[in-house]
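Please look over the sequence and the model shown below before reading on. The report then goes through selected parts of the fold.

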Amino acid sequence: MSDISEYSRNELMKFIDINPLDIEICDVTLRDGEQTPGVAFTKNEKVALACELDAVGIEVIEAGFPVVSSAEKNIVREIADMGLDAKICCLARAVIGDVDAAIDCNVDIVSIFIAMSDLHLKYKYHKTYEEMCECAWRTIEHAKDHGLGVRFAAEDATRTGIEKLKEAFLTVEEYKVDYVSIADTIGILNPSTTHYLVSEIKKTVHTPICIHCHNDLGMATANTLAAAEAGAKQLHTTINGIGERAGNAALEEVLVALRVQYGIDRYDTTRLTNLSNLVKEFSGIPIAVNKAIVGKHAFSHESGIHVAAILEEPRTYELFLPEMVGNRRNLIVGKHTGTKALKGIIRDMGYSLEHDELCDLIDRVKICTEAKRGIPRNRLEEMILDVKVKMHDL
Ligand code: MN
């Protein structure tokens with residue numbers, strides 16, 4: 001059985017005029033993800049995550065911010081020297097020394113960022129727009145002179161003003177930067193405004209556009225996809241959506257949406273559950289049970305109606321099969337389990353019960369689940385055996 005079928009495609013997509021997406025992923029888990037409060041990855045953890053991201057087929061990995069510490073710099077250099085297929089990128093302020101650190105790390109791309117919003121200029125930099133731009137242009141020139149790929153990242157771009165943003169992007173285009181990046185640093189966008197902003201920028205700027213979305217309103221994944229529809233090339237993600245505050249667009253959500261809704265199937269999504277578990281372990285940040293794609297309940301079913309249908313055809317209640325993301329289906333026996341569903345579940349466990357035995361079992365299940373908890377498989381097995389013994393005794 002293929003993991004996606006015609007049932008998985010949203011019929012409504014047919015009515016929307018979307019060009020085929022021309023995208024790449026830049027995963028920023030090792031940089032922005034690490035800026036999650038309380039998170040610090042070790043060298044071995046970062047190396048393991050970089051290898052896994054590369055195996056998934058991620059095109060660009062943002063490995064860190066070298067000037068943070070000499071240890072961080074060593075890790076970025078080590079990842080850059082691993083010979084992965086993915087290009088390696090690192091972060092730099094508009095400071096020559098930051099770019100020199102990137103050069104030392106042997107990265108492919110340096111992401112030079114400045115904020116140009118009035119708020120950041122006044123309260124963070126205490127500099128004028130012209131002074132900040134001057135720093136940025138000088139730093140970009142330095143990076144290009146040393147043969148680095150350059151992303152010019154506009155931090156707080158979504159509160160900068162569209163004309164100012166266009167003007168800056170047109171200027172850096174003259175310096176032949178490889179990407180311009182729109183960072184929705186405080187997560188203010190929604191899908192409509194994202195689409196408008198990217199479309200407007202694309203009218204005048206011809207350099208590939210990156211989109212970097214934060215999840216303060218829970219829209220990071222939706223905004224990222226809206227940007228892709230409007231022609232953004234590079235989509236920024238983090239595994240499990242970790243990152244500053246409410247986090248970033250989640251890699252697993254973006255990749256599965258690209259596959260299911262837009263037909264992009266070149267990424268090895270079967271590795272996503274494992275990758276998610278690694279980040280959960282390394283970061284110490286638990287995953288909500290109802291988290292899309294990788295949450296414990298993403299493929300769990302308890303309702304009798306649902307389970308009975310799933311046992312006949314999983315797509316009745318699953319958008320895609322759990323195997324597609326390296327996960328497994330979990331049929332829960334609990335308060336809402338019906339007779340038909342229970343019969344199917346015990347059959348899958350290798351048991352068969354007579355009608356009376358089944359009725360007895362369902363009574364026990366209902367009593368047992370009054371405490372609102374599902375029954376684990378080993379407990380259910382004990383109950384099945386118990387019912388069989390009892391019936392034999394009669
Ligand atoms: Mn960010």
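What follows covers a strand, a metal site, a helix and some aromatic rings.

## Basis of the report

This is a predicted model, in which local features need pLDDT of at least 70 and side-chain atom pairs count only at pLDDT 80 or more, while totals for chains, interfaces and linings use all residues. Residues are numbered from 1 along each chain as its sequence is written, and side-chain values use heavy atoms, with hydrogens and water left out.

Helices (H or I, at least four residues) and strands (E, at least two) are DSSP runs, numbered from the N terminus. Strand β8 spans residues 234-237. Gln 234 and His 236 point one way from β8, Leu 235 and Thr 237 point the other way, and all are buried. Buried means under 20% relative accessible area, exposed over 50%, and partly exposed in between (1.4 Å probe, protein chains only). In a regular strand the side chains alternate between the two faces of the sheet.

Two strands pair if DSSP finds at least two bridges between them. Strand β1 (residues 24-27) runs parallel to β8 and is joined to it by 4 bridges; Ile 25 has Leu 235 as its bridge partner in β8. Strand β7 (residues 209-213) is also parallel to β8, with 2 bridges, and there Cys 210 is partnered by Gln 234.

## The manganese site

Asp 32 (OD), His 212 (NE2) and His 214 (NE2) coordinate the manganese ion at 2.0 to 2.2 Å. Donors are N, O and S atoms within 2.8 Å of the metal (3.2 Å for Na, K and Ca); water is not among the atoms, so sites may look incomplete.

Asp 32 lies in the loop between β1 and α1 (43-56) and His 212 in strand β7, so the pair ties together parts that are 180 residues apart in sequence. Asp 32 is buried at 2% relative accessible area, and His 212 is buried at 7%.

## Helix α11

In helix α11 (residues 304-312), the buried residues are Gly 304, Val 307, Ala 308 and Ile 310. The face turned away from the buried side of α11 carries the exposed residues Ile 305 and Glu 312. The buried residues of α11 pack against β9 (300-301), β10 (330-331) and α12 (339-348), where contact means heavy atoms within 4.5 Å.

## Aromatic pairs

The whole structure holds 5 aromatic pairs. Rings of Phe, Tyr and Trp (its six-membered ring) pair if their centres lie within 6.5 Å; planes under 30 degrees apart count as stacked, over 60 as edge-to-face and the rest as tilted. Phe 152 and Phe 169 form an edge-to-face pair, 6.1 Å centre to centre with 85° between the planes. Both Phe 152 and Phe 169 are buried.
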